[in-house]
Amino acid sequence: MVEGFLIAKESAVLLVPIATIILGLVIGWLCQRSGFCSIGGIRDFILFRQTRLLKGYIALIISAFVFYLIFSFIVPAAIPKFLWCMQDGQLLTAIGGAPAVSAAGVIVLMIVGGIFVGLIGTLLGGCPLRQLVMTSEGNLKSLVFVIGMLAGAVIFTALVSPWIIEAFTAIGL
Amino acid sequence: MVANSSDEKKGLDSYLKMPLVGGAVIGFAAALIQALLFAAGGPQAYGFCVACHSRDLINYVYNSLTGSNLFLAPFSANPVAAGTLPVLTIIGVLVGAVAAAVLYKEFRVKKGDAKSYVVYGIGGILFMIFALCMGACPYRLALRIGYGDLVAVFGLIAIIVGIYIGIKIALKRMED
């Protein structure tokens with residue numbers, strides 16, 4: 001058991017860009033080799049009952065659970081509120097949800113967002129990670145998709161997100 | 001080149017080609033990053049996310065260029081406030097995948113027509129807006145489910161419904 005954090009805040013903030021770029025390199029390499037795709041996995045299973053890619057996504061959920069569990073014993077301070085739904089007696093509150101939006105509002109956003117994420121991902125041939133990897137393989141259509149994603153992020157933060165909070169507050173969600 | 005070197009490396013590559021390994025590694029690495037660096041800022045289950053990490057990166061660039069103050073997650077905002085950089089996962093993924101594609105001779109420029117560029121561009125914008133509505137791409141969604149966030153399960157079910165609708169539309173288009 002370790003009390004507190006393994007790395008203090010002053011050092012941790014310096015390590016964020018380094019750690020994430022290394023993580024990205026590893027994931028980029030693995031996903032180029034395996035064709036890893038979450039949406040593609042579910043699509044292949046529904047269409048062809050193929051489980052190759054789906055296994056990857058299921059492995060991700062299980063591996064995340066197992067390692068969060070293990071690390072929650074080693075460094076409890078860094079894995080706060082693990083098993084989120086068991087905290088505070090409230091089953092349905094979201095991690096990192098906008099504070100102005102209630103749990104019901106987050107669920108509405110999840111459902112609307114999820115349907116369109118699945119739909120667009122299926123029609124355009126891949127989840128965002130697959131699009132990044134296809135860009136790296138020289139696919140110019142995916143490159144345009146990634147540029148669109150970046151533009152979409154700015155549009156969301158600057159315009160859509162305040163609008164959603166305003167609209168949800170107005171209807172009391 | 002690696003592609004036609006020793007059998008041992010071919011053996012390793014055949015493991016790396018399994019999506020199962022990729023998924024397990026992403027889950028482990030995301031948990032490890034949180035275990036090591038949670039002091040830098042939250043939220044939880046933020047180790048790997050294509051949508052959120054792209055958002056942090058592009059908003060950082062936008063903020064530096066225009067002097068505006070768009071939102072970054074604390075995990076990126078605190079490093080930026082301390083004078084370093086936000087999460088660079090996306091750059092890592094692009095570089096790592098280019099390296100693998102070039103090394104295994106799978107890099108080929110594929111062009112589309114003008115109409116497909118418009119469709120993909122608009123698709124990318126809408127995709128990101130809806131993904132950020134969820135506060136997750138499918139990957140962070142998986143991390144959140146692993147973290148025990150039941151709300152994320154609604155997101156996964158919605159994605160499956162969306163994929164089902166997408167398949168129906170695609171099949172119908174092929175019939176016409």
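Guide: What follows is an account of the interface, with the annotated spans of each chain as background.

The model is predicted, with an ipTM of 0.87 and a pTM of 0.87. For chain B the mean pLDDT is 85, and 94% of the residues reach at least 70.

The contact draws 110 residues from chain A and 120 residues from chain B. Between them the two chains bury about 10,100 Å², and carbon and sulfur atoms account for 80% of that area. On the chain B side, the three residues that supply more than any other three are B:Tyr120, B:Phe127 and B:Tyr147, with 8% of the area that chain B buries against chain A.

As to polar interactions, 18 residue pairs are in polar contact across the interface, counting pairs with both residues at pLDDT 80 or more. The count of salt bridges between the chains is one. In a salt bridge, the side chains of A:Arg33 and B:Glu106 meet at 3.5 Å, N to O.

The side of chain B that touches chain A receives two or more residues from each of these helices: H1 (7-16), H2 (19-37), H3 (50-66), H4 (74-81), H5 (89-103), H6 (114-134), H7 (138-146) and H8 (150-175). The largest share, 20 residues, comes from H8(B). Sorted by class, this side of chain B holds 86 nonpolar, 23 polar and eleven charged residues.

In an unreviewed entry, UniProt lists residues 12-32, 53-79, 99-123 and 143-165 of chain A as "transmembrane region". In the model, residues 12-32 of chain A are 100% helix and 0% strand, with the end C-alpha atoms 29 Å apart. Residues 53-79 of chain A are 81% helix and 0% strand, and their end C-alpha atoms also lie 29 Å apart.

For chain B, the UniProt annotation "transmembrane region", likewise from an unreviewed entry, covers residues 20-39, 83-105, 117-141 and 147-167. Residues 20-39 of chain B are 90% helix and 0% strand, and the end C-alpha atoms are 30 Å apart.

Key. Residues are numbered from 1 along each chain as its sequence is written. Chains are lettered from A and ligands numbered from 1 in the order in which they are written. Side-chain values use heavy atoms; hydrogens and water are left out. UniProt positions are given in the numbering used here, feature names are shortened, and annotations may be inferred rather than shown by experiment. Helices (H or I, at least four residues) and strands (E, at least two) are DSSP runs, numbered from the N terminus. Contact means heavy atoms within 4.5 Å. Buried area is the accessible area (1.4 Å probe) that two parts lose on being put together, summed over both. A salt bridge is a side-chain nitrogen of Lys or Arg within 4 Å of a carboxyl oxygen of Asp or Glu. A polar contact is a pair of N or O atoms within 3.5 Å; within protein, one must be able to donate a hydrogen and the other to accept it, and residues adjacent in sequence count only if both atoms are side-chain atoms. Ala, Val, Leu, Ile, Met, Phe, Trp, Tyr, Cys and Pro count as nonpolar, Asp, Glu, Lys and Arg as charged, and the others, Gly among them, as polar. pLDDT is the predictor's confidence in each residue, from 0 to 100.
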